[in-house]
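Work through these exercises with the coordinates open. Each task is followed by its solution in steps.

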Amino acid sequence: MNHAWTRRAFAAGVVGGGAIVLTMPLLARAQQAGAALTYPFPAVPRNLGLTLAPTPSCSTATEAQTEGPFYSPRTPERISLIEGASRARTLVLEGLVMTPDCKPVANAAIDFWHCDDEGVYDTRGMRYRGHQFTDANGVYRLETIRPPQYPGRTPHIHAKLQGERTRILTTQIYFPDEPVANARDGIFRPSLLIAQQTAPDGSVLGRFDFVLTSV
Ligand SMILES: [Fe+2]
């Protein structure tokens with residue numbers, strides 16, 4: 001699958017809203033939407049720590065968003081998606097996973113996926129895909145690159161989360177330093193903006209707290 005094809009397929013299938021134009025590989029992926037995460041929860045969660053102030057209140061469940069056509073299940077368990085050869089800006093994203101009454105969700109599984117530094121999703125392998133589990137305090141930490149815009153979409157990261165006793169959440173998170181692209185993107189929601197600090201070298205430290213609902 002070449003890059004141009006991938007971009008065209010995405011534009012046709014999502015931005016154009018045309019499910020009927022999905023080609024077979026994309027249709028197969030779409031049929032996975034909504035399936036529960038099946039990663040085994042670890043017996044002893046890690047302790048990761050936190051450094052940025054929280055994103056808005058845990059009283060409201062995080063807004064769900066479309067999964068899009070590029071989710072892959074059974075990703076590798078890893079905190080870092082960074083590749084040695086990449087020259088893209090690095091992003092460290094961390095935060096809590098909580099319930100609406102502000103209790104941390106330990107051992108929640110989180111699958112992250114996003115496009116590469118050219119705006120293309122790896123649909124054959126696992127580049128920029130990985131899952132992890134929150135620690136004993138409900139904390140996650142993702143080390144990756146700051147994804148770029150691609151045709152029709154503002155920069156974003158996809159996430160799918162599930163705790164041992166929560167409903168599954170599929171959503172996307174966004175960057176506050178992209179106001180023009182965010183405003184043009186019909187899927188973007190302000191409630192899904194991360195808090196972020198940018199270092200002099202351009203690397204980004206971000207925080208986003210996810211709120212899941214109980215089963
Ligand atoms: Fe996407």
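**Exercise 1.** Is arginine 141 buried, partly exposed or exposed?

Some ground rules come before the solution. This is a predicted model: local features need pLDDT of at least 70, side-chain atom pairs count only at pLDDT 80 or more, and totals for chains, interfaces and linings use all residues. Residues are numbered from 1 along each chain as its sequence is written, and side-chain values use heavy atoms, with hydrogens and water left out.

*Solution.* 
- Step 1: take the classes. Buried is under 20% relative accessible area, exposed is over 50%, and partly exposed lies in between (1.4 Å probe, protein chains only).
- Step 2: apply them. Arginine 141 has a relative accessible area of 26%, so this residue is partly exposed.

**Exercise 2.** Which residues are linked in a network with Arg127?

*Solution.* 
- Step 1: arginine 127 pairs with glutamate 83 at 2.8 Å between the closest N and O atoms.
- Step 2: arginine 127 is in the loop between strand E2 (109–113) and strand E3 (129–133), and glutamate 83 is in the loop between H2 and E1, 44 residues apart.
- Step 3: the salt-bridge network links Glu83, Asp116 and Arg127.
- Step 4: the count of salt bridges comes to eleven.

**Exercise 3.** What are the protein donors of the iron ion, and why is their arrangement irregular?

*Solution.* 
- Step 1: collect N, O and S atoms within 2.8 Å of the metal (3.2 Å for Na, K and Ca); water is not among the atoms, so sites may look incomplete.
- Step 2: the donors are Tyr121 (OH), Tyr150 (OH), His156 (NE2) and His158 (NE2), 1.9 to 2.4 Å from the iron ion.
- Step 3: their spacing in sequence is Y-x28-Y-x5-H-x1-H.
- Step 4: recall the test. Four donors are tetrahedral if all angles lie between 85 and 135 degrees; four are square planar and six octahedral if opposite donors are over 155 degrees apart and all others between 65 and 115; anything else is irregular.
- Step 5: the four donor atoms subtend angles of 91 to 166°, which makes the arrangement irregular.

Methods. A salt bridge is a side-chain nitrogen of Lys or Arg within 4 Å of a carboxyl oxygen of Asp or Glu. Helices (H or I, at least four residues) and strands (E, at least two) are DSSP runs, numbered from the N terminus.
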